[in-house]
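Below is a short briefing on one predicted protein model.

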Amino acid sequence: ARTIFNNKPAGTRAYGTTERIVQDSENINHQICFTRVTEVNLRMDIIISTTSPQSETFKSVLVDALKEKFDDIQGIGDNVRDYSYFAVLTPYSEISDIVSIKFSNLTDPSTQVSQYTIQPKEIARITKEDIHITISN
């Protein structure tokens, strides 16, 4: 609320579903409203082919790179698209083919899509534990 108050133009009302009171420099109370974003927890399922058998360490390196990319590019209201993650995997010479990259909501993992729609007041989240890589040879 303090950040909103400090950055909004004077006389402009802040709207939203959550209300907080903020004091200005002269100890006058101001009502600040805002809406918190809703986190959407996702699962990522990837199927790749490799040029030779790979260790769990190789999978771990890929998961770390995918998680870093996810955190770098996903913002509020940003859809999650598979093509953003193909670029993470292509530099690895051990990967001969990226068969598929699919996303699903943790509350309904049965529906997998290559593009997951995020609403304007939502933000996609993923943990390393929810990035699953299957290697098919």
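Tyr-92 is partly exposed, at a relative accessible area of 22%; buried means under 20%, exposed over 50%, and partly exposed in between (1.4 Å probe, protein chains only). The model is predicted, so local features need pLDDT of at least 70 and side-chain atom pairs count only at pLDDT 80 or more, while totals for chains, interfaces and linings use all residues. Residues are numbered from 1 along each chain as its sequence is written, and side-chain values use heavy atoms, with hydrogens and water left out.

**Confidence**
- The mean pLDDT of the protein is 92, and 100% of its residues reach 70 or more; pLDDT is the predictor's confidence in each residue, from 0 to 100.
- Among the elements, α2 has the highest mean pLDDT (96) and helix α1 (residues 2-7) the lowest (82).
- Helices (H or I, at least four residues) and strands (E, at least two) are DSSP runs, numbered from the N terminus.

**Aromatic pairs**
- There are three aromatic pairs in the structure. Rings of Phe, Tyr and Trp (its six-membered ring) pair if their centres lie within 6.5 Å; planes under 30 degrees apart count as stacked, over 60 as edge-to-face and the rest as tilted.
- Phe-58 and Tyr-92 make an edge-to-face pair, 6.1 Å centre to centre with 85 degrees between the planes.
- Phe-58 belongs to helix α2 (residues 56-73) and Tyr-92 to the loop between α3 (83-89) and β5 (95-105), so this pair ties together parts that are 34 residues apart in sequence.
- Phe-58 counts as buried, at 8% relative accessibility.
- The pair of Phe-70 and Tyr-85 is stacked, because the ring centres are 6.1 Å apart and the planes lie at 25 degrees.
- Phe-70 is in helix α2 and Tyr-85 in helix α3, so their pair ties together parts 15 residues apart in sequence.

**Helix α2**
- α2 has 18 residues and spans 26 Å from its first C-alpha to its last, close to the 26 Å expected at 1.5 Å a residue; the expected span is 1.5 Å times one less than the number of residues.
- The buried residues of α2 include Phe-58, Leu-62, Val-63, Leu-66, Lys-67 and Phe-70.
- Seen down the axis, the buried residues of α2 fall within an arc of 170 degrees, so they line one face of the helix; the arc is that of the directions from the helix axis to the C-beta atoms.
- Exposed residues Thr-57, Glu-68 and Asp-72 sit on the face of α2 turned away from its buried side.
- The cover over the buried residues of α2 includes β3 (38-50), β4 (80-81), α3, β5, β8 (122-125) and β9 (131-136).

**Single residues**
- Ile-131 lies in strand β9 and counts as buried, at 5% relative accessibility.
- Not counting residues up to four places away in sequence, Ile-131 touches Met-44, Val-63, Leu-66, Lys-67 and Ile-126; contact means heavy atoms within 4.5 Å.
- Ser-49, in strand β3, counts as buried at 15% relative accessibility.
- Asn-27 is in the loop between β1 (18-23) and β2 (29-34) and is exposed, with a relative accessible area of 58%.
- Phi of Asn-27 is near 60 degrees, a positive value in a residue other than glycine.
- Most residues other than glycine have a negative phi.
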